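Dear colleague,

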Amino acid sequence: MNHITLALSKGRIFDETLPLLKAAGIEVLEDPEKSRKLILPTNQPGVRVVLVRATDVPTYVQYGGADLGVTGLDTLIEHGKDWGGAGSAGLYQPLDLQIAKCRISVAVRADFDYAGVVRQGSRLRVATKYVGIAREFFAAKGVHVDLIKLYGSMELAPLTGLADAIVDLVSTGNTLKANQLVEVERIMDISSRLVVNQASLKLKQQPIRQIIDAFAGAIGKN
Ligand code: PRP
């Protein structure tokens, strides 16, 4: 049987993937916000959705726990760096879905002289979930950094003195504003990507191609 498993994370990626699924004729039959189930059935008996942590989507798809997945470019890049050279092996990335758009930026307290620190070549203490991306960015700028790995609420770090700066996702900028932080550098633009397990693509080519093509045709239409 050619069952297809799609890995999604709850929240913005799930919500913004629904219209793309609809274009592929797939409707998820349960609301993840109301159900405690981790495997959600769809209107197509051969297609199911599994709910995983956002950072686990590339792992599920890479190792075949899911055939396809939707994941932010931020997560995908960080996954690649975490897993060294093998980070993207077996992961086919056919589409930029143009959803969940945001950016990864450097932010500091409004009273912190970031430009001065960079100019003087002083050390910068940076808190982030994106250690790999931050390391590479500051290395390319020639800025010496001490990186502190956090798993959430990065905005607190400069407010409590844990760090001078954060590297985090910015969408509307409201979270930074609400915490009196300012964006001082944009590192990269982010959007969500479709990822496909390469072995699945060979073994289940027809149904997977159908989904890729339907998604491709629906990009940017919502
Ligand atoms: C992200 C990010 C910021 C916020 C930015 O968090 O970490 O906190 O969104 O959005 P804004 O610019 O529109 O205010 P998210 O809600 O994705 O949850 P997270 O803390 O788990 O990353």
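How many helices and strands does the chain have? There are nine helices and 11 strands, where helices (H or I, at least four residues) and strands (E, at least two) are DSSP runs, numbered from the N terminus. Please note that this is a predicted model, in which local features need pLDDT of at least 70 and side-chain atom pairs count only at pLDDT 80 or more, while totals for chains, interfaces and linings use all residues. Residues are numbered from 1 along each chain as its sequence is written, and side-chain values use heavy atoms, with hydrogens and water left out.

Overall dimensions

Taken along the principal axes, the box filled by the C-alpha atoms is roughly 60 × 35 × 30 Å. Of the 222 residues in the chain, 47% are buried; buried means under 20% relative accessible area, exposed over 50%, and partly exposed in between (1.4 Å probe, protein chains only). The accessible surface of the chain is about 11300 Å², and carbon and sulfur atoms account for 51% of that surface. Accessible areas come from the Shrake-Rupley method with a 1.4 Å probe; for residues, only the protein chains shown count as cover.

Nonpolar cores

A nonpolar core is a set of buried Ala, Val, Leu, Ile, Met, Phe, Trp, Tyr and Cys residues joined through side-chain atoms within 4.5 Å. The largest such core has 27 residues, and those with the most contacts inside it are Val 49, Leu 68, Leu 97, Leu 194 and Phe 215. Two or more residues each come from β1 (4–8), α1 (12–23), β3 (47–51), β4 (68–72), β11 (192–197) and α9 (205–218). Helix α9 gives the largest share, five residues. A second, separate core of 20 residues includes Ile 104, Tyr 114, Ala 134 and Val 145.

With residues up to four places away in sequence not counted, the residues that Leu 68 touches include Ile 4, Leu 6, Leu 194, Val 196, Ile 208 and Ile 211; contact here means heavy atoms within 4.5 Å.

Helix α3 (residues 73–82) is mostly covered, with seven of its 10 residues buried. Among them are Asp 74, Glu 78 and His 79.

Loop residues

Ala 100 lies in the loop between β5 (91–96) and β6 (102–109), and Ser 153 in the loop between β8 (145–149) and α6 (156–160). Phi is near 50° for Ala 100, a positive value in a residue other than glycine, and near 45° for Ser 153, also positive. Most residues other than glycine have a negative phi. Are these two residues buried or exposed? Ala 100 counts as buried because its relative accessibility is 10%, whereas Ser 153, at 55%, counts as exposed.

Ser 35, in the loop between α1 and β2 (39–41), is buried at 13% relative accessibility. Its side chain reaches the backbone nitrogen of Lys 37 at 2.9 Å, a polar contact (a pair of N or O atoms within 3.5 Å; within protein, one must be able to donate a hydrogen and the other to accept it, and residues adjacent in sequence count only if both atoms are side-chain atoms).

Ligand surroundings

The residues around the ligand (a heavy atom within 4 Å) include Lys 129, Glu 155, Asp 168, Gly 173 and Thr 175. Oxygen atoms of the ligand lie 3.0 Å from an N or O atom in the side chain of Lys 129, 2.7 Å from a polar backbone atom of Gly 173, and 2.4 Å from a polar side-chain atom of Thr 175. The protein covers 60% of the 490 Å² of accessible area that the ligand has on its own.

With kind regards
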